[in-house]
Amino acid sequence: MRAVQVQEYGGPEVLRTVETEVPEPGPGQVSVDVAYTGVNFADLKARGEGYRVPSLPFVPGLEVSGRVRALGEGVSGVEVGQEVAALTNGGAYADVVVADATTVFPLPSGVDLRTAATLPTVLPTAYALVHAVGRLQPGETVLVQGAAGGVGTAVGQLAKAAGASGVFGVVSGAAKAKYALDHGYDDVFVAPSTNSTASTNSTNSTASTVSAGFVDEVRAATGGRGVDLALDPVGGETFRASLASLAVFGRLVSFGNASSAEPWRVGQPELYPTGLSVSGFSILTLAQTAPDALRALTEKAFAAVAEGVVSLPVTAEFPLEEAAEAHRLMGGRTSTGKLLLRVA
C-alpha cells in the first residue's frame with residue numbers, strides 16, 4: 001500500500017510517498033480503507049519538529065474517513081465495509097490505517113465520506129471548547145484566535161447556535177476576515193502576522209503567527225468590558241493578550257501551542273484581581289486518557305453536523321501523493337476552512 005512517510009524532520013519536501021505493508025488490527029483495534037484524510041496543523045509540527053512522533057520513520061495524519069477493512073479481537077459496534085470516521089494516533093496519510101475501536105465512529109445519516117474526514121479532530125474540539133470546557137452561556141461573548149481555520153470555522157457557528165451575544169475572531173489577513181464573517185462571527189480583528197520560532201516549515205526556520213495587537217479592539221467592541229470566553233491555540237504572546245481581553249470572571253481555554261513558545265504559566269497575580277480562570281484541552285490526550293468522554297463528546301458534535309447546526313467547508317483537496325503541497329498551503333497561513341488529502 002501507499003503511505004506518506006517522514007524519514008527526517010524538515011520542511012514539506014521531507015514527505016515522501018513509499019510502498020509499505022498493510023497494517024493489521026490488534027485486539028481492540030480496527031483497520032480502515034482510507035477514503036479521505038484530514039490535514040491538521042499538528043501534522044506540520046510532527047513533520048517539522050517531531051511533535052508526538054514516537055520514532056522515525058513516521059507516517060503523519062490524525063483523522064480519516066473510509067470503510068472498515070478488518071476488526072481486531074474483541075471489537076464490536078462496527079462491521080466490515082461500514083463507512084466510518086476515525087481519530088488515529090498517526091498513520092493516516094496512507095491507503096490503510098489502524099485505529100483504536102474507541103475512536104472509530106459510524107457516520108451519521110446523510111454525512112458522506114468527504115464531509116466525514118473533516119470531523120474527527122475539528123468538530124469534537126470545537127464542541128468541547130464551546131460547551132464542555134468553555135461552558136458558554138446564552139448572552140455571553142467569545143473571542144476566537146484563528147477564526148478562519150478549521151476549529152475557528154466550527155466554533156463560530158456553534159457559539160452563535162449556543163446563543164452568544166457576540167462572537168469575535170482574530171485572523172491574519174483581510175481575506176480570512178471575510179471568510180470568518182460568513183461563518184458565524186459578528187466582528188473580526190485583523191492582527192498582522194509576526195515571525196516566531198515555531199518550526200512549521202523546517203526544523204530551523206521561523207513561521208508566521210498572528211500578533212497579539214488585538215486587545216484594544218476587543219475592549220472597544222465590548223464597551224470596555226472584555227469577553228466572557230477566549231479560545232487560544234497559539235500560546236505565547238497571543239495567550240497573554242487573550243487573557244488581557246477577558247471580562248470580570250472571564251474564562252480562557254488554551255487548546256494548542258502553534259507558536260511553539262514556552263508553556264504558559266498563570267498564577268494568583270493574573271487570576272485573583274478579576275476572578276479569571278484558565279483551562280486547557282487536547283483531543284489527542286483525551287482520546288488516550290478518557291476515551292468514553294471523547295466518544296460522548298464526538299457523538300454530540302457529529303449530531304450537530306447531521307442536524308445542520310454546523311458545517312465545515314473543504315477549501316482545498318490534494319491527492320495523497322501531493323501531501324507536501326497541502327503542508328505548504330497550510331504552513332503559509334493563507335488557507336481557510338479544512339484541507340483534505342484524497343486517498344481512495
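Student: Hi! How many residues of α3 are buried?
Tutor: Nine of its eleven residues are buried, so α3 is mostly covered. Buried means under 20% relative accessible area, exposed means over 50%, and partly exposed is in between (1.4 Å probe, protein chains only). This is a predicted model, where local features need pLDDT of at least 70, side-chain atom pairs count only at pLDDT 80 or more, and totals for chains, interfaces and linings use all residues. Residues are numbered from 1 along each chain as its sequence is written, and side-chain values use heavy atoms, with hydrogens and water left out.

Student: Which residues of α3 are the buried ones?
Tutor: They are V122, L123, P124, T125, A126, Y127, A128, L129 and V130.

Student: And how many helices and strands does the protein chain have?
Tutor: The chain has eleven helices and 17 strands. Both are DSSP runs numbered from the N terminus: helices are H or I with at least four residues, strands are E with at least two.

Student: Back to the inside. How many residues are in the largest nonpolar core?
Tutor: That core has 57 residues, and L123, V155, L231 and F281 have the most contacts inside it. Helix α3 (residues 122-132) gives the most to this core, with seven residues. A nonpolar core here is a set of buried Ala, Val, Leu, Ile, Met, Phe, Trp, Tyr and Cys residues joined through side-chain atoms within 4.5 Å. Another core, of 35 residues, lies apart from it and includes V6, A92, V104 and L339.

Student: Why would such residues sit together?
Tutor: In soluble globular proteins, nonpolar side chains tend to be buried together.

Student: You mentioned F281. Where is F281 found?
Tutor: F281 is in the loop between β15 (277-280) and α9 (283-289). Its relative accessible area is 12%, which means F281 is buried.

Student: What does F281 touch?
Tutor: Not counting residues up to four places away in sequence, F281 touches T125, A128, L129, V133, V253, S254, F255, L286 and L297. A contact means heavy atoms within 4.5 Å. F281 and L129 are 152 residues apart in sequence, yet 7.7 Å apart in space, C-alpha to C-alpha.

Student: What about S242, buried or exposed?
Tutor: S242 is buried, with a relative accessible area of 0%. This serine belongs to helix α7 (residues 236-244). Leaving out residues up to four places away in sequence, S242 touches Q145, F214, A230, D232 and L252.
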